[in-house]
Amino acid sequence: MSLVSETPTLSPFQVAALPEIQFGQGQIRQLPQIIQQRGQHALIVTGQNAFISTSSWSVLKTGLGALGITWDWVQVDGEPSPQLVDASVAQHRQSGIDVVVGIGGGSVLDAAKAIAGLLRTGTSVMDHLEGVGNNLPYTGPSVPLIAVPTTAGTGSEATRNAVLSVQGDAGFKKSFRDNQLVARVALVDPDLLASCPRSQIAANGMDALTQLLESYVSTRANPVTDALAWSGMEAFKAGFWAAWEGDHTNASSGYTQLAYASLMSGVTLAQAGLGSVHGFASPLGAFFPMPHGVVCGTLLAEATATNIHALRARNPDSTALPKYARVGRLMTGQSTLNDAEAGEALIECLRAWVRELDLPRLGAYGMTGEDIPRVCAGARGSSMKTNPLELTDDELAGVLACRL
């Protein structure tokens, strides 16, 4: 009788480029020195108000001045467009920029990523934008990027794609994607979340959870992404509600846990891909003025229910089903549930959270039942391809109808 225990078989996998990560409370104070390591002339990309209204903005400017670092400034209002990126590149291309610093939410970081990628090439972002551009190869080089998230949701600080949007009936939401766009440094300071309003914590936190769950059950998941996604979901469970409730006793810990969850969601989505919720997010964000986090939060429960029930009916041996069950036991705290019970418990838990957070329905942004076919038609992009199974048009329509 052999005494050698049988080890599980590991299928081949790869881990793509990641930034250097500096994580922890107070890390924002190190930003001037990190910038100086990359050069003496920075282009700083921020939002319109959130970060620049805090004391950290003044501290940063003072620190840059003390080190003799000169800087130009781009502000992003809302989700970035190709026109904003191209205009910013044209304005600063001859300025001798050594380093780009994005400080803000996902929209700001995506804009900074795209601008950094084009400052040296002189090309338009439409030359490289997936699905709607001129399909020219991106050769780089990119200007070094430092990404500093001030929200916890998108994980953009850890990804290689910049999502750009044009809104309206003929609108689109597409990615400029290349390994050279990965930030050199992701500086994640949970203290920066303290300025986020409750509604933003809700939407962004649910975006992070969506990314963690979708990458965990993705058809491209691997042992590395599974471990990181699981640790991110544990952190989300530990910190989200304290951060959302503004509990002054636990908010600091809540912000730290939520910032970690968001960072891990960016790492895992970059490696494993996403699923149906993010498939919907592309057309919904293009056709209607829907914030990305709201789309994710409002659809997550129903998309999860549709996946679980479709898997049971058509692919009951899928590895995603026990994963959903494991997440159900984590999120509900009911460790003794069997897999079927835990899957249903996860669905009901997510539905309860959507109600508690009062996440808007799709109809609040002008969507009607007549829009469902075109949203479904636009939802079968790259994110949908790594959903645990291919959903029918009727199943996709059903998810949207539940949240109109």
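**Entry 1: helix 8**

I opened the notebook at helix 8, where S276, V277, H278, G279, F280, A281, S282, P283, L284, G285, A286 and F287 are buried. By buried I mean under 20% relative accessible area, with exposed being over 50% and partly exposed in between (1.4 Å probe, protein chains only). That makes 12 of its 12 residues, so the helix is mostly covered on the cut-off just given. Helices here (H or I, at least four residues) and strands (E, at least two) are DSSP runs, numbered from the N terminus.

Before going on, I note that this is a predicted model: local features need pLDDT of at least 70, side-chain atom pairs count only at pLDDT 80 or more, and totals for chains, interfaces and linings use all residues. Residues are numbered from 1 along each chain as its sequence is written, and side-chain values use heavy atoms, with hydrogens and water left out.

What covers the buried residues of helix 8? I found that the cover includes strand 6 (161-166), strand 7 (172-177), helix 5 (198-217), helix 9 (292-314), helix 12 (372-378) and helix 13 (393-402). Contact here means heavy atoms within 4.5 Å.

I also checked the length of helix 8 (residues 276-287). At 1.5 Å a residue, its 12 residues should span 16 Å, and the end C-alpha atoms are 17 Å apart, which agrees. The expected span is 1.5 Å times one less than the number of residues.

**Entry 2: V166**

V166 is partly exposed, with a relative accessible area of 25%. Leaving aside neighbours within four places in sequence, I see V166 in contact with P82, Q83, G171, F172 and A286. A286 is one of the buried residues of helix 8. I also looked up the pair V166 and P291: they are 125 residues apart in sequence and 13 Å apart in space, C-alpha to C-alpha.

**Entry 3: K113**

Is the lysine K113 buried or exposed? At 2% relative accessibility, K113 counts as buried. K113 is found in helix 4 (residues 106-118). Not counting residues up to four places away in sequence, K113 touches L145, S156, T159, R160, N161, A162 and L181.

Next I went through the loop between helix 4 and strand 5 (145-149), where P141 lies. A cis peptide bond joins G140 and P141, with omega at about 5 degrees. N135 is placed in the loop between helix 4 and strand 5 too. N135 has a positive phi of about 60 degrees although it is not a glycine, and at 71% relative accessibility N135 counts as exposed.

I noted D358 as well, in the loop between helix 11 (339-357) and helix 12. D358 has a positive phi of about 55 degrees, again without being a glycine. At 63% relative accessibility, D358 counts as exposed.

**Entry 4: the whole chain**

Stepping back, I count 13 helices and 8 strands in the protein. The radius of gyration is 21 Å, close to the 22 Å that the globule rule gives for 404 residues, so the protein is as compact as a globular protein of that length. That radius is taken over C-alpha atoms, and the rule is 2.2 Å times the number of residues to the power 0.38. The C-alpha atoms fill a box of roughly 65 × 50 × 50 Å, taken along the principal axes. Of the 404 residues, 55% count as buried. Among contacts between residues at least 6 apart in sequence, 80% join residues at least 24 apart.
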